[in-house]
Amino acid sequence: MSISSNSSTLRLVLKGVIIAVLATAAGIWSARLVLQRPVVEDELAATRFPVARAVQPFELIDHNHEVFDNAALQQRWSFVFFGYTYCPDVCPTTLSVLNSIAQRLQDVDADIRFVMVTVDPQRDTPERLAEYVTYFNGDFLGVTGSDEALEQLTRQLGILYNRVESEPGSENYLVDHTAAVFLFDPDGRYHAVFTPPLSAENIAGDFRKMLKATQ
Amino acid sequence: MKSVNRQPPAVLFMILLSFMTTVMAGPAVVVEAQWVREAPPASTVLAAYMVLKNTTDTPRTVTRIDSPDFRNSQIHRTVMENGIAKMLPVERLELPVDGSVVLEPGGLHLMLFEPQRTLRDGDTVVLVIHVDNGDSVTVHAPVVRKTDATDHAHHHH
């Protein structure tokens, strides 16, 4: 391995370590918040909070280069997944599940949006995200931003992500990441979380119940 | 891999008898239901899935799966740890006697890096499965577009 690829590997690893440490600290902090009052209701596969939680300010951009912030979560329900486009197995599988949820909920009288926020902003440009998410469903939205901007959102949701080298020195690094799907209500509040294994049938069913409960 | 189903003519059979263990034993590993998930246009990393069966009376190990249609490949396992999806490299796949190993979405999969050409639904890629006894099994895997969660992605022959 050449010296330059060694140092770039080192930088990558260091960056990964820093992100991992920050993310872990954030995870512990937010897990504590979540654990204070989690309610796993018998009739739901989701964990829904007794009171939907306010989302602290964050600002990212979507794949159309529009601002994606707290205001963008308003006026509609948002299913949000955190992933990345170089992910060959989990992310396509999850986006396929989200597409199935979208199809199952076509008859629902509510505005629903599906969003993938990248945990790999270095590689996932808005253009790349646009190609990726719309492959699964033309209405899906990709969101990205700087590491710092991303942490404003991930920290408060307890999202963990960590870059992992797959081939030494290769651009093909992997990102371990929280695989849950988060649901935000039309007031832009964090309403529920769905943890894997993700079932389109269960999630769509839960959503109908939750929607009914709020109407 | 094409299996040898046709009955060879008797004379040929006699001639081949001495080579039987090598020629007629068939592959150590049988590959079924193989497919490659079509990736969005921007993607340079794809995944292949399949069922590997050991039909011999000896435990076998798959040591590597290559594809001439990609720059590199690795066997991986997706695991969930505390809600976090991780991909762990898998060095070998152990196939017990009469046993099989299933590569499927969300579990074991073959990661395929950097396709050598554009691959779309309906295309075919070559996979070469290397077995510890020195055998290698070549199969053709269809590229399949799968964008919903139904289980319809299985397959052509």
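## Two helices at an angle

In this predicted model, helix H2 (residues 90–104) of chain A and helix H5 (residues 200–214) of chain A have axes that come within 9 Å and cross at roughly 45°. Angles under 35 degrees count as roughly parallel and 65 to 115 as roughly perpendicular; H2(A) and H5(A) are therefore oblique to each other. The crossing of H2(A) and H5(A) is right-handed.

Which residues make the contact? On the H2(A) side they are Val97(A), Ser100(A), Ile101(A) and Arg104(A), and H5(A) supplies Ala200(A), Ile203(A) and Ala204(A).

Val181(A) sits in strand S10 (residues 181–184) of chain A. Is Val181(A) buried or exposed? A residue needs 20 or more other C-beta atoms within 10 Å to be called buried, and Val181(A) has 23 C-beta neighbours inside 10 Å, so it counts as buried.

Another pair to look at is Val181(A) and Phe82(A): they are 99 residues apart along the chain, yet their C-alpha atoms are separated by 7.6 Å.

## Strand S7 of chain A

Now move to strand S7 (residues 141–144) of chain A, where Leu141(A) and Val143(A) point one way while Gly142(A) and Thr144(A) point the other way. All of these residues are buried.

S7(A) has pairings with two strands that you can trace in turn. Strand S3 (residues 59–62) of chain A runs antiparallel to S7(A), and 2 bridges join them. Strand S6 (residues 112–118) of chain A pairs with S7(A) in the parallel sense, over 3 bridges. Val143(A) takes part in both pairings: Asp62(A) has Val143(A) as its bridge partner, and Val117(A) stands opposite Val143(A). With helix H3 (residues 126–136) of chain A, S6(A) and S7(A) also make a right-handed β-α-β unit.

## Where the chains meet

How many residues does each chain bring to the contact? Chain A gives 30 residues and chain B gives 27 residues. On the side of chain A that touches chain B, the elements giving two or more residues are H2, H3 and strand S9 (174–178) of chain A. H2(A) provides the largest share of that side, with 8 residues. So much for chain A; the partner comes next.

## Chain B and its strand S8

Chain B has 2 helices and 10 strands. Of the 157 residues in chain B, 32% are buried. Among its contacts with a separation of 6 or more, 66% involve residues 24 or more positions apart.

Strand S8 (residues 108–115) of chain B is mostly covered, with 7 of its 8 residues buried. Strand S2 (residues 45–54) of chain B pairs with S8(B) in the antiparallel sense over 4 bridges, and within this pairing Val45(B) has Phe113(B) as its bridge partner. Strand S4 (residues 70–81) of chain B also pairs with S8(B) in the antiparallel sense, over 7 bridges. There, Ile75(B) stands opposite Leu110(B).

Technical notes: Residues numbered from 1 in each chain as written. Chains lettered and ligands numbered in written order. Predicted model: local features only at pLDDT ≥ 70, side-chain atom pairs only at ≥ 80, totals over all residues. Buried ≥ 20, exposed ≤ 12 C-beta atoms within 10 Å, placed from the backbone. Pairing = 2+ DSSP bridges. Right-handed = clockwise from strand over helix to strand, strands pointing away. Axes fitted to C-alpha atoms, helices over the stretch in contact; angles between N-to-C directions. Parallel < 35°, antiparallel > 145°, perpendicular 65-115°, else oblique. Left-handed = near helix turned anticlockwise from the far one by under 90°. Contact = placed C-beta atoms within 7 Å.
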